[in-house]
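Please keep the sequence and the structure in view while reading.

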Amino acid sequence: METLGYLIDGFGVALAPHNLMFALLGAFLGTLIGALPGLGPANGVAILIPLAFSLGLAPETALIMLTAVYAGAMYGGRISSILLNIPGDEPAMMTCLDGYPMARKGKAAEALAISAVASFMGSLIATVGLILLAPVLARFALTFGPAEYFALFLLAFATLGGITGKNPMKTVVAACLGLMISTMGIDNTGVQRYTFGVLELYEGVDFIIAIVGLFAISELLFFIEDRAGGGKEKMTVNKLSLTWSDIRGIMPSSIRGGVLGFIAGVLPGAGASLGSFIGYTLEKRVVGRKGHFGQGDPRGVAGPEAGNNGASSGALVPMLTLGVPGSGTTAVLLALLISLNITPGPLMFTQNADIVWGVIAALLIGNFLLLVLNIPLVGIFVRLLSVPPKYLLPVVTMIAFVGIYSISNSAFDLYFMVAFGVAGYLFRKLEIPLVPIILGLLLGPEMEKNLRHAMDIADGDWTILWDSGLAIGLWVFAGLGLILPYIVGPLLRRRMKVATGTGGPEGD
């Protein structure tokens, strides 16, 4: 009953006219961002964070808008997958397998509508799971001491590569680099670290600048390099002829995918890619020879779409309750919380209950808004895929630069953002992931603070770090998180290649 009372209060926050307006705006912008191949939810949220600051939005309004952008981008990722056989982001890859064949058969509108319904079901299931699980996990997290939190941060880094990570060693290197950047500035003892005599670095690196540079600016550079020329095959979207019988046919697939996706999202490092993959493979196992997967089976669209949207909401559970992001996008949202002077974790459910429950209620409302938006506006979203980069790039660049400058009014921050953008471009060329860098930058100060606190309590005795059963358990899971990607990761990637190579559609 207590949870229900908090949720009702959350609806009071989410249904405020201005919050509802920004939730609708975020859902619309997120769907557009998701529809553009390559951008994805993490880049979309990173690009719009400066806009939230420049508009002077209240903390709950900013978080509601950007959470709606996150959810909308997960919806929108399937548009280019179905119409152009180009995944809007990595989780949407599995949607290509049956979505594009449906479009080739003249059922593009049906495929888009099915994916919208499945995305709605997956997000709805995961949001209900968030409501039920988050308060329980938050109360459990109150038993953590500094040693347990330090072990928890190690677990976050160890599992960050996930079982879909391409190179776990590069993930470790990137996390260490992020931790090094987090130590820049003056520490609590007055010692300068990595400032190189530059006055602007005395206060450390603003993670908003790092995020916008690493994600948004590096993506702009990739647009210039890879997408400035040539167009893709355009697909005509026919009149929608989806029936209630068709919706009933995909409902079991959507429910199964949503449940599996939520579980994958709660596990730090697994994320939406795993949710979409297991959602698709489970449907192939359940349906068996009765289906025609890879040739335009609607259940092959519903399963992975429900899976990746369920995982996106599930990833909010560890971020809100433990302060540990479950995905790259929630790492960006974590930066927003910290920049708003909100400490994510178990105390957030008591100290900032209006914000956290307002966001959860906004997720429920946002799912209905996205369903209403996605079906009738299919034609508009499709036409946006043909927007030339020469028009798109200046708008994105303007939002990034104006937003960052409005935060600090410092030209140095603009140069710093561009430097991070160039570094992010080079890292991506070398296949060094960016999310571990951001996570190291975000969690580094708290990790160091908890380590110092634990050492002070134990008078410098390092054994305090594994002195409790909970801490030992976290250390064990962290060790498994480092080892398992070397074992399970190649196997999963091999199966995904087999699925996309033998059962999927032909490329353009």
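**Selected local features**

E431 lies in the loop between helix α19 (411-429) and helix α20, and the coordinates discussed here belong to a predicted model.

*Positive phi angles in loops*

- In E431, a residue other than glycine, phi takes a positive value near 60°, and the residue counts as exposed because its relative accessible area is 51%, where the cut-off for exposed is over 50%.
- F196, which is likewise not a glycine, has a positive phi near 55°, and F196 is found in the loop between β2 (192-193) and α9 (207-227).
- With a relative accessibility of 70%, F196 is also classed as exposed.

*Packing of α7 and α20*

- Helix α20 (residues 435-457) packs with helix α7 (residues 146-158) at an angle of about 150°, and the two axes are 8 Å apart.
- Since angles over 145 degrees count as roughly antiparallel, α7 and α20 are therefore roughly antiparallel to each other, and their crossing is left-handed.

*Nonpolar surface patch*

- W462, W466, I472, W475, V476, F477, L480 and L484 together make a nonpolar surface patch of about 790 Å².
- One of these patch residues, I472, lies in helix α21 (residues 469-502), and I472 is partly exposed, with a relative accessible area of 42%.

Notes
Residues numbered from 1 in each chain as written. Predicted model: local features only at pLDDT ≥ 70, side-chain atom pairs only at ≥ 80, totals over all residues. Heavy atoms only, no water. Patch = residues over 30% accessible without salt bridge, like charges linked within 9 Å, V, L, I, M, F, W, Y side chains within 5 Å. Areas by Shrake-Rupley, 256 points an atom, 1.4 Å probe, with all protein chains shown as cover. Salt bridge = Lys/Arg side-chain N within 4 Å of Asp/Glu carboxyl O. Helix = DSSP H or I, 4+ residues; strand = E, 2+ residues; numbered from the N terminus. Buried < 20%, exposed > 50% of the residue type's maximum accessible area, 1.4 Å probe, protein only. Axes fitted to C-alpha atoms, helices over the stretch in contact; angles between N-to-C directions. Parallel < 35°, antiparallel > 145°, perpendicular 65-115°, else oblique. Left-handed = near helix turned anticlockwise from the far one by under 90°.
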